[in-house]
Amino acid sequence: MNRIDALIELDNVRKSFGDVPVLKGISMFVQKGEAVCIIGPSGSGKSTILRCINGLIPVDKGFVRVGAHRVHEMKSERQMRALRHQVAMVFQQYNLFPHRTALENIMMAPIQVLGHDRAEVEERARKLLKKVRLSEKADSYPGQLSGGQQQRVAIARALAMQPDVILFDEVTAALDPETVKDVLFAIRELVEEGLTCILVTHEMKFARDVSQRVCFTDHGLIVESAPPAELFDNPRDPRTREFLGQVL
Amino acid sequence: MFGLDYSWLADPAYQQWLLTGVINTLKLATLSSSVAILIGMLGAFGLTLRIFWLDALIELFVEVFRNTPPLLQMLFAYFTLSSLGLRVTDPSTGLSVPLLSAFACAAISLSLFGGALAIEAFRSGIETMPRSIIDAARSLGYGRWARFWRIEAPIATRICLPALTNILTNLFKTTSQASVITVPELMYYAGQIYNDTFRTLEVMILVLLIYVVLVSILTFAMARLEAFMAFPGYGRGH
């Protein structure tokens, strides 16, 4: 793959928390419009990779680029504003702001951070709520919504930033099984529309169906990276085989 | 009744003293509560910046004002600030008076005392907030300042309202100590009245009732505010 054309580029990224090395040299490229799933055991560094891509966690060593932004060189939140506009993130715990309604949660950042026009943002927000099939919940507060509904509002909130990339961090891990499919449906639509997505997930079936490429991480390294059919059916690395043997 | 004599209460002069006392108590409580809340928010914001020297400075402020008696702080403020030599000429009387009146000294010292407690309350609210909420705000591009005022402060305020109610009621009651530095508030006039009438018990019972009523209004208002601001779907917001 041509790394210069890639929208996202990580090269030999290293990160330790205290004495514990979490990323031990991660290199990966993601093309525009590609959906990449990251799978692997807990503590293998999956979520940390996402957080290094949008600058939530500074890397110790290595190179991180998203579009024109050289993330590893950014020091302040101010420098990162344009990056945050381009890269949105959806979290395991939804993280909606509990003091604002669903609609307000979606509208806040475009107005307060990007300075977009309120009326235009409201129209955008209502369209997005419709897209995640929650139009009737516009005025509900997060505490009044189910987990699956909150997560779909969180996806709409990420989309309202009009990002080029969305990072999904185990977004179905905290949901009960019935609501998982609504959230996955919403994500699948985005992937089909050609939005670049990186998903950390434990939903192996979903990863196989939706992604163009799957990366398997173990102990802070990407052990294997291949199209889903190849990685799931013919894993080359013994560690991948062992992991898949446990979860499938 | 019970041998209590309230005939002095018919005297318009005493009525006027009580009224003035109540008004000054309310003024002092309102002013110092407002400034204390502001200090609390700014201090808590300062602590979120995680700047070494600023942390140390705020911690020192909190320790000094939280760990010493408010009466001592008030006396200290009164005797240091008023002896700084800052004087102005009162245009109505033509007399040279201290720039900082006893009332100003009391307001300053109560604001700092309440502020120190409020910093701790707001800090607890901010620290209770899930770390992931802050990650969400950061990932949406919020800078430190906007993140604090738009997200952290509104959430933390709701979390720490019960603690804040405690602080404000305590601060309200502590205003009575301003009588010691001659601030003409309720307690001060109470003293004046029983020195005049020797009806100590009667005056104290009346003043006690006035404080009960005033502080109850405050706690009632705070309870309403708490209910109004509760997160819908959580706790009282159900």
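Colleague: Leaving aside neighbours within four places in sequence, which residues is A:I166 in contact with?

Modeller: This is a predicted model. A:I166 is among the residues with the most contacts inside the largest nonpolar core. Leaving aside sequence neighbours within four places, A:I166 is in contact with A:A88, A:V90, A:A158, A:L159, A:L190, A:L195, A:T196, A:C197 and A:I198.

Colleague: How many residues does the largest nonpolar core have?

Modeller: A:I39, A:I155, A:I166, A:F168 and A:I187 have the most contacts inside this core. The core's residue count is 52.

Colleague: Which residues does the second, separate core include?

Modeller: This core is separate and has 46 residues. Its members include A:I38, A:V59, A:M108 and A:V113.

Colleague: Turning to chain B, how many helices and strands are there?

Modeller: From the N terminus on, the elements run α-α-α-β-β-α-α-α-α-α. That gives chain B eight helices and two strands.

Colleague: What share of the contacts in chain B with a separation of 6 or more comes from residues 24 or more positions apart?

Modeller: Chain B has 238 residues, and 45% of them are buried. Its C-alpha atoms fill a box of roughly 70 × 50 × 30 Å along the principal axes. Of the contacts with a separation of 6 or more, the share from residues 24 or more positions apart is 74%.

Colleague: How is α1(B) placed against α4(B): parallel, perpendicular or oblique?

Modeller: Helix α1 of chain B covers residues 12–48, and helix α4 of chain B covers residues 102–128. Their axes come within 6 Å and cross at roughly 40 degrees. Angles under 35 degrees would count as roughly parallel, and 65 to 115 as roughly perpendicular. So α1(B) is, relative to α4(B), oblique.

Colleague: Is the crossing of α1(B) and α4(B) left-handed or right-handed?

Modeller: By class, the contact between α1(B) and α4(B) has 18 nonpolar, eight polar and two charged residues. The crossing of these helices is right-handed.

Colleague: Is B:W149 buried, partly exposed or exposed?

Modeller: B:W149 lies in helix α6 of chain B, residues 144–174. Its relative accessible area is 30%. Buried needs under 20%, and exposed needs over 50%. B:W149 is therefore partly exposed.

Technical notes
Residues are numbered from 1 along each chain as its sequence is written. Chains are lettered from A and ligands numbered from 1 in the order in which they are written. This is a predicted model: local features need pLDDT of at least 70, side-chain atom pairs count only at pLDDT 80 or more; totals for chains, interfaces and linings use all residues. Side-chain values use heavy atoms; hydrogens and water are left out. Axes are lines fitted to C-alpha atoms, for helices over the stretch in contact, and angles run from 0 to 180 degrees between N-to-C directions. Helices (H or I, at least four residues) and strands (E, at least two) are DSSP runs, numbered from the N terminus. Angles under 35 degrees count as roughly parallel, over 145 as roughly antiparallel, 65 to 115 as roughly perpendicular and the rest as oblique. A crossing is left-handed if the near helix is turned anticlockwise from the far one by less than a right angle, and right-handed if clockwise. Ala, Val, Leu, Ile, Met, Phe, Trp, Tyr, Cys and Pro count as nonpolar, Asp, Glu, Lys and Arg as charged, and the others, Gly among them, as polar. A nonpolar core is a set of buried Ala, Val, Leu, Ile, Met, Phe, Trp, Tyr and Cys residues joined through side-chain atoms within 4.5 Å. Buried means under 20% relative accessible area, exposed over 50%, partly exposed in between (1.4 Å probe, protein chains only). Contact means heavy atoms within 4.5 Å.
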